[in-house]
Amino acid sequence: MLETSLNLSPTSMAASFQALSDPLRIKILELLRTQELCVCDICDRLQVSQSKLSFHLKNLKEAALVKSRQDGRWIYYSLNLSQLESLEKYLSEYQKISPLPAHLCLNND
């Protein structure tokens with residue numbers, strides 16, 4: 001299987017970037033930057049229904065961008081810093097690239 005320079009699969013990387021493509025999911029991540037939160041607190045702060053929030057949290061969790069833990073009947077969410085660091089490292093590799101010019105194409109179709 002093809003892997004990125006950080007030994008992450010392209011599928012895993014794509015899932016993470018796809019999860020980041022939704023504005024509500026970005027807002028969720030922003031809330032979790034400062035502290036772990038339960039679903040009800042996230043719902044209140046973002047003024048969204050629990051069913052809508054659950055859908056987006058499921059996407060973030062499947063993309064390994066957030067972690068959850070259960071305490072009694074409450075589920076608390078926090079950032080998965082290791083996955084976010086992997087994405088950051090992956091993107092930073094592009095800053096080091098100096099692409100070479102293309103070779104002259106000899107196809108005369």
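Biologist: Does Leu57, at 1% relative accessibility, count as buried or exposed?

Modeller: A residue is called buried under 20% relative accessible area, exposed over 50% and partly exposed in between, with a 1.4 Å probe and protein chains only. At 1% relative accessibility, Leu57 therefore counts as buried. This is a predicted model, in which local features need pLDDT of at least 70 and side-chain atom pairs count only at pLDDT 80 or more, while totals for chains, interfaces and linings use all residues. Residues are numbered from 1 along each chain as its sequence is written, and side-chain values use heavy atoms, with hydrogens and water left out.

Biologist: In which helix does Leu57 lie, and with which residues is Leu57 in contact, leaving aside its neighbours within four places in sequence?

Modeller: Helices (H or I, at least four residues) and strands (E, at least two) are DSSP runs numbered from the N terminus, and Leu57 lies in helix H4. Contact means heavy atoms within 4.5 Å; with neighbours up to four places away set aside, Leu57 is in contact with Ile28, Val39, Val66 and Tyr77. The C-alpha atoms of Leu57 and Ala19, which are 38 residues apart along the chain, are separated by 9.6 Å.

Biologist: Where is Val66 placed, and which residues is Val66 in contact with?

Modeller: Val66 belongs to strand E2 and, at 4% relative accessibility, counts as buried. Beyond its neighbours within four places in sequence, its contacts include Leu29, Leu32, Leu57, Tyr77 and Ser78. Ser78, in turn, is found in strand E3 and also counts as buried, at 17% relative accessibility; residues up to four places away not being counted, Ser78 touches Leu32, Glu36, Leu65, Val66 and Lys67.

Biologist: Which residues of helix H2 are buried, and what arc do they cover around the axis?

Modeller: In H2, which spans residues 23–32, the buried residues are Leu24, Arg25, Ile28, Leu29, Leu31 and Leu32. The arc is that of the directions from the helix axis to the C-beta atoms, and here these residues cover only 160 degrees, which puts them on the same side of H2. Their packing partners are helix H1 (10–19), strand E1 (37–38), helix H3 (39–46), helix H4 (50–62), strand E2 (66–71) and strand E3 (74–79).

Biologist: At what angle do H1 and helix H5 pack?

Modeller: Axes are lines fitted to C-alpha atoms, for helices over the stretch in contact, and angles run from 0 to 180 degrees between N-to-C directions. Angles under 35 degrees count as roughly parallel, over 145 as roughly antiparallel, 65 to 115 as roughly perpendicular and the rest as oblique. H1 and H5 (residues 81–92) pack at about 100 degrees, with their axes 11 Å apart, and H1 and H5 are therefore roughly perpendicular to each other. The residues making this contact are Ser12, Met13, Ser16 and Phe17 of H1 together with Gln83, Leu87, Tyr90 and Leu91 of H5.
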